Amino acid sequence: MDQNLQVMGTLAQNGSPLEFEEQSLFSPESGTQKMQPGHISEYGSARGGFQPGVSKMWRNVVYKSIKTVIFSNKLNVLIPFGPLAILVRILTGHNGMVFLLSLLGIIPLAERLGYATEQLALYTGPTIGGLLNATFGNATELIIAIYALRHGMIRVVQLSLLGSILSNMLLVLGCAFFCGGLVFYRKEQVFNKATATVNSGLLLMAVMGLLFPAVLHYTHTEVHYGKSELALSRFSSCIMLGVYAAYLFFQLKTQKDPYIPLSEEGSLNGENDIDDDETPEISKWESVFWLSIMTAWISILSEYLVDAIEGTSHTWNIPISFIGVILLPIVGNAAEHAGAIMFAMKDKLDISLGVAIGSSTQISMFGIPFCVVIGWIMGQPMDLNFKLFETATLFITVIVVAFFLQEGSSNYFKGLMLILCYVIVAASFFVHEDPPPEGKP
């Protein structure tokens with residue numbers, strides 16, 4: 001009894017066992033006592049003791065980031081072709097090989113650039129994320145165009161941007177319809193017809209912007225020859241950029257979830273799938289870092305690619321128009337192509353439509369006018385006169401695709417027809433000789 005009373009008295013003076021344990025674990029005094037100078041030799045200095053742990057943590061972060069971004073995608077086996085293109089240019093100067101290797105090297109970089117943009121958009125919210133996608137969604141095409149514009153290759157800029165629009169509208173959308181139709185061959189896939197109508201209207205407006213400078217030029221009705229056409233192009237470009245800004249505001253603020261199916265069942269399934277897909281795989285600053293690395297590397301390869309275009313045309317005996325309209329868009333549209341097909345095979349046709357038609361809208365209403373304004377700043381006479389053959393091709397393509405989208409449904413046969421339309425376009429540009437520039441007084 002006396003022994004129990006003695007224990008209770010001790011607890012009353014020192015506190016409960018739980019309090020004693022908490023004090024020994026968490027109190028500053030206990031930590032200070034453990035870090036006395038006499039104990040430094042046993043534990044190491046505070047700074048030196050934590051350095052190995054921090055260093056190991058950073059190594060793990062870097063390793064995980066590289067593994068996620070570089071080694072998680074099979075397409076990245078093409079990345080070594082980029083340095084190989086630079087090496088071939090230095091050692092041999094063979095334009096055809098430099099062009100081919102640069103083309104192959106940019107493909108995985110364009111895909112990873114889109115991946116980093118999507119990861120960063122998950123941290124910024126829908127509004128900023130939409131602006132990021134609008135800016136970097138076609139960054140590869142714009143980087144190539146700016147380098148070509150800096151070298152005075154205005155026709156290459158026009159042809160490459162035109163080719164991106166044609167490729168997205170016919171090849172990418174056609175493959176999405178075709179593959180989705182084969183997977184779900186027992187039913188017709190449906191999509192949001194209202195969203196498709198808005199995009200078709202924007203594409204027709206872009207055609208109008210390209211058509212009038214060409215008609216003005218070929219009818220010889222300019223008030224000031226050689227100046228009215230350029231002035232009209234720059235004015236129309238500013239208007240088109242303003243319309244695209246209004247479209248972004250309408251899409252991000254006014255219209256909610258434009259690429260989610262309107263039916264309740266489709267909407268619910270779409271929301272669940274998107275929630276599953278919207279888990280970030282890398283951190284925000286990792287996304288910014290990889291975005292910078294991919295953009296810089298694409299810029300370096302784009303310069304080699306642009307420099308080799310004319311030599312490749314002579315070496316391979318291929319028209320520059322075919323290289324610009326057909327071959328160059330393969331680079332920028334690789335990510336869109338794969339993504340559109342993947343979503344269509346998961347019965348998410350609205351997202352596939354947003355990838356294919358949305359990308360065409362970005363280039364036509366933002367990319368082309370943006371290059372006109374950049375050329376204006378650089379002192380390059382970049383205009384919206386894409387010549388009659390190219391403008392007629394774009395006009396017919398927009399009309400054909402608008403007819404295909406008006407019903408709000410798709411199947412594999414519609415996809416096959418769009419693919420074959422693209423084959424006809426490719427064959428047309430293969431036999432098309434770009435006319436020499438006219439001498440202007």
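How many salt bridges does a search of the whole structure find? The search finds five, where a salt bridge is a side-chain nitrogen of Lys or Arg within 4 Å of a carboxyl oxygen of Asp or Glu. Welcome to this predicted model, in which local features need pLDDT of at least 70, side-chain atom pairs count only at pLDDT 80 or more, and totals for chains, interfaces and linings use all residues. Residues are numbered from 1 along each chain as its sequence is written, and side-chain values use heavy atoms, with hydrogens and water left out.

**Helix 15**

- Helix 15 covers residues 320–332, a run of 13 residues; helices (H or I, at least four residues) and strands (E, at least two) are DSSP runs, numbered from the N terminus.
- From its first C-alpha to its last, helix 15 reaches 18 Å, close to the 18 Å expected at 1.5 Å a residue (the expected span is 1.5 Å times one less than the number of residues).
- Eleven of the 13 residues of helix 15 are buried, so the helix is largely enclosed by the rest of the structure; buried means under 20% relative accessible area, exposed over 50%, and partly exposed in between, with a 1.4 Å probe and protein chains only.
- Among the buried residues of helix 15 are Phe-322, Ile-326, Leu-327, Pro-329 and Gly-332.

**Salt bridges**

- Glu-111 and Arg-112 form a salt bridge whose closest N and O atoms are 2.7 Å apart.
- Both partners are buried: Glu-111 has a relative accessible area of 18%, and Arg-112 has one of 5%.
- Arg-112 has another contact to look for, as Arg-112 lies over the face of Tyr-115, at 4.2 Å from the ring centre (a charge sits over a ring if NZ of Lys or CZ of Arg is within 6 Å of the ring centre and within 35 degrees of the ring normal).
- Arg-150 and Glu-303 meet through their side chains in a salt bridge, at 3.3 Å from N to O.
- Because Arg-150 lies in helix 8 (residues 139–150) and Glu-303 in helix 13 (residues 284–307), this pair ties together parts that are 153 residues apart in sequence.
- Arg-150 is partly exposed at 49% relative accessible area, and Glu-303 is partly exposed at 28%.
- Lys-414 forms a salt bridge with Glu-407, with the closest N and O atoms 3.1 Å apart; Lys-414 is buried at 11%, whereas Glu-407 counts as exposed at 53%.

**Aromatic rings**

- A search of the whole structure finds eight aromatic pairs; rings of Phe, Tyr and Trp (its six-membered ring) pair if their centres lie within 6.5 Å, and planes under 30 degrees apart count as stacked, over 60 as edge-to-face and the rest as tilted.
- Phe-99 and Trp-316 form an edge-to-face pair, 6.0 Å centre to centre with 85 degrees between the planes.
- This pair links distant parts of the chain, with Phe-99 in helix 7 (residues 95–136) and Trp-316 in helix 14 (residues 309–316), 217 residues apart.
- Phe-99 counts as buried at 1% relative accessibility, while Trp-316 counts as partly exposed at 31%.
- The ring centres of Phe-177 and Phe-191 are 6.2 Å apart and their planes are at 15 degrees, so this pair is stacked.
- Phe-177 sits in helix 9 (residues 154–183), and Phe-191 in the loop between strand 1 (189–190) and helix 10 (193–218).
- Phe-177 is buried at 1% relative accessible area, and Phe-191 is buried at 7%.
- One aromatic cluster is formed by Tyr-244, Tyr-247, Phe-366 and Phe-370.
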